[in-house]
Amino acid sequence: MNEEQRLQSGLVKSTAAAEKDYSKYFETVYTPPSLKNAKKRGKEEIAYHDDFQIEERFLGMGNGRKFYIRTYGCQMNEHDTEVMAGIFTSLGYESTNTVDDADVVLLNTCAIRENAENKVFGELGHLKPLKLERPDMLIGVCGCMSQEESVVKKILQTYDQVDMIFGTHNIHRLPNILHEAYMSKEMVVEVWSKEGDIIENLPKVRHGNIKAWVNIMYGCDKFCTYCIVPYTRGKERSRRPQDIIQEVRQLAANGYKEIMLLGQNVNAYGKDFEDLDYRLGDLMDDLRKINIPRIRFTTSHPRDFDDHLIEVLAKGGNLLDHIHLPVQSGSSDILKIMARKYSREQYLQLVGKIKKAIPNVTLTTDIIVGFPNETDEQFEETLSLYKEVGFEMAYTYIYSPREGTPAAKMVDNISMEVKKERLQRLNKLVNEMSAEAMKPYKGTVVKVLVEGESKRNPEVLAGYTEKNKLVNFRAPRSVIGEIVNVKITEAKTWSLDGEFIGVVEEDKVMS
Ligand code: 5AD
Ligand code: SF4
């Protein structure tokens with residue numbers, strides 16, 4: 001994309017601190033979240049590149065300098081951080097795990113709920129004295145919040161300790177953005193409001209060598225009425241199958257044991273291919289043949305969860321029998337105004353199909369309580385659905401209005417007190433059902449991928465079962481990174497304690 005095309009596509013690129021009239025600045029070059037505009041987005045312009053290179057003039061830019069990235073939000077953001085760490089490292093920077101000796105601090109932000117955003121503004125406040133002490137240090141804000149006009153405006157107006165703001169579509173521009181920030185006294189803002197191309201060969205510094213994240217698609221076209229993601233992450237763009245398969249093969253060859261396939265709505269994988277009839281089921285069917293012990297995916301939208309995918313998942317092997325399937329609400333009326341495009345009955349039908357094909361499946365979910373005007377009866381329907389499905393875990397949230405989304409315009413007559421009470425009631429059920437699901441494990445032997453020391457006790461090792469249950473046990477540190485058999489001695493609400501038996505034989509063969 002050349003400079004002119006970028007400007008046409010809504011690119012914001014400016015050293016903006018000198019601008020006094022911020023509103024004018026935004027009106028002319030920034031497109032705020034708009035359902036109407038976002039829905040108009042076409043499919044034609046996605047191009048795939050595998051020619052990413054650090055420009056020669058930037059090589060060595062980081063020599064003698066350290067970077068620190070604080071990540072908020074989902075696994076997609078964690079993975080973006082790995083890419084940015086890869087770019088920093090290619091530029092010669094070293095990583096550090098404290099802001100105190102960092103020469104560049106990046107906050108990779110999340111916009112999904114208001115409290116996620118408040119944490120970032122709080123952190124920017126904490127960083128101010130450090131910036132005053134060390135004016136040469138660079139502070140950057142990137143990730144989903146940077147894609148919001150109101151956030152960019154607020155930072156420009158009140159957080160002059162920030163040196164650069166860049167969005168989710170232009171991570172690969174990090175070298176240029178850093179360069180500009182070093183050269184300029186003014187805040188560097190580079191946010192592309194339109195999604196970019198798919199760039200395949202960005203460097204990555206992965207977190208650990210046991211589990212790896214692999215993006216399979218970017219963006220979301222579902223436009224649930226409460227959700228900011230379709231605006232901050234742009235339209236759905238799928239990576240080509242051969243690129244994903246190659247990356248997973250390489251990770252397997254490098255000894256990784258578990259892959260988490262990532263996308264905001266992985267079930268829409270492949271819908272955007274014009275030349276290929278290839279969907280998530282086909283991809284999973286190809287990936288299961290790779291010699292890697294565990295493959296998971298997140299996150300699913302029930303609407304696109306098709307029969308072929310269920311059929312492939314039922315083949316088992318390295319495709320694990322745990323599915324995270326966000327339902328959001330148990331009331332068809334609320335689902336309708338959330339624009340989830342399925343009813344309670346349709347969700348239950350899908351669960352029925354999945355359970356029939358994969359009898360031992362573990363299902364987990366996401367739920368929002370206190371959506372505008374949610375009645376007691378509608379909330380009760382969520383509780384009853386939770387029991388009926390038999391979920392084993394849920395991420396639960398109070399609805400948080402996000403500026404620019406359709407739900408933010410809905411008038412709400414439910415008090416925060418009632419919303420909080422509902423969340424508590426739901427969480428109580430979630431805890432009870434988790435404890436119930438844990439009980440039968442007592443006395444059984446499970447396979448655990450050992451990740452390292454337990455967070456609470458360094459003398460104990462911890463890892464996860466195929467169904468993603470946390471297991472703590474004592475064993476030699478040499479088994480970290482291996483899949484081991486553990487006999488469960490105690491079942492708690494959110495974890496299992498057990499006795500180490502030994503390394504799983506097939507795993508030894510595989511690695
Ligand atoms: N308010 C509360 N929760 C939200 N989520 C997404 N948007 C909002 C919002 N505006 C939740 C959904 C989603 C999860 C990632 O975050 O449950 O599945
Ligand atoms: Fe947001 Fe998920 Fe709905 Fe997409 S499918 S709009 S990411 S909640």
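A475 is buried, at a relative accessible area of 18%. The cut-off for buried is under 20%, so A475 falls in that class. This is a predicted model.

**A475 and its surroundings**

- A475 sits in the loop that runs between β20 (470–474) and β21 (483–491).
- Leaving out residues up to four places away in sequence, A475 touches L461 and F500.
- A475 and A462 are 13 residues apart in sequence. Their C-alpha atoms are 9.6 Å apart in space.
- R477 is also placed in the loop between β20 and β21.

**Salt bridges**

- The whole structure holds 35 salt bridges.
- One of them pairs R206 with E82, with 4.0 Å between the closest N and O atoms. R206 is in the loop between β9 (198–199) and β10, and E82 is in helix α4, so this pair ties together parts that are 124 residues apart in sequence.
- Both R206 and E82 are buried.
- D163 pairs with K131, and here the closest N and O atoms are 2.9 Å apart. D163 belongs to the loop between α6 (149–158) and β7 (164–166), while K131 belongs to helix α5 (residues 114–133); the pair therefore ties together parts that are 32 residues apart in sequence.
- D163 and K131 are buried as well.
- E453 and R477 form a salt bridge through their side chains, at 2.7 Å from N to O. E453 lies in strand β18 (residues 445–453) and R477 in the loop between β20 and β21, so the link ties together parts that are 24 residues apart in sequence.
- E453 is partly exposed, at a relative accessible area of 42%. That value lies between the 20% and 50% cut-offs, which is why E453 gets this label.
- A network of salt bridges links E82, E200, K204, R206, R239 and E247.

**Largest cavity**

- There are two cavities of 30 Å³ or more.
- The largest cavity has a volume of about 400 Å³. It is lined by 24 residues, of which D80, T168, I199, L202 and Y218 are the closest to its centre.
- α4 gives the most, with four residues.
- The lining of the largest cavity is split by class into eight nonpolar, eight polar and eight charged residues.

**Second largest cavity**

- The second largest cavity holds about 30 Å³ of space.
- Its lining is made up of D80, M84, N108, C142, G143, F166, G167, T168 and I171.
- At least two residues of this lining come from α4, and at least two from β6 (138–143).
- By class, the lining of the second largest cavity has four nonpolar, four polar and one charged residues.
- D80 and T168 line the second largest cavity. D80 and T168 are also among the residues closest to the centre of the largest cavity.

**Backbone geometry**

- Most residues other than glycine have a negative phi, and most peptide bonds are trans. The next points list exceptions.
- T298 and T299 are joined by a cis peptide bond, with omega at about 5 degrees.
- T299 is in the loop between β14 (294–298) and α11 (307–313).
- Q328 is not a glycine, yet its phi is positive, near 75 degrees. Q328 is in the loop between β15 (322–324) and α12 (332–337).
- Q328 counts as buried because its relative accessibility is 8%.
- N468 is not a glycine either, and its phi is positive at about 70 degrees. N468 is placed in the loop between β19 (461–464) and β20.
- N468 counts as partly exposed, at 32% relative accessibility.

Technical notes: Residues are numbered from 1 along each chain as its sequence is written. Chains are lettered from A and ligands numbered from 1 in the order in which they are written. This is a predicted model: local features need pLDDT of at least 70, side-chain atom pairs count only at pLDDT 80 or more; totals for chains, interfaces and linings use all residues. Side-chain values use heavy atoms; hydrogens and water are left out. On a 1 Å grid over the protein atoms alone, a cavity is a set of points where a 1.4 Å probe fits but cannot get out, and a pocket is an open set with protein on both sides within 12 Å along at least five of seven lines; lining residues have an atom within 4 Å of a point. Grid points are joined across faces, edges and corners, and a volume is the space filled by probe spheres set on the points. Ala, Val, Leu, Ile, Met, Phe, Trp, Tyr, Cys and Pro count as nonpolar, Asp, Glu, Lys and Arg as charged, and the others, Gly among them, as polar. Buried means under 20% relative accessible area, exposed over 50%, partly exposed in between (1.4 Å probe, protein chains only). Contact means heavy atoms within 4.5 Å.
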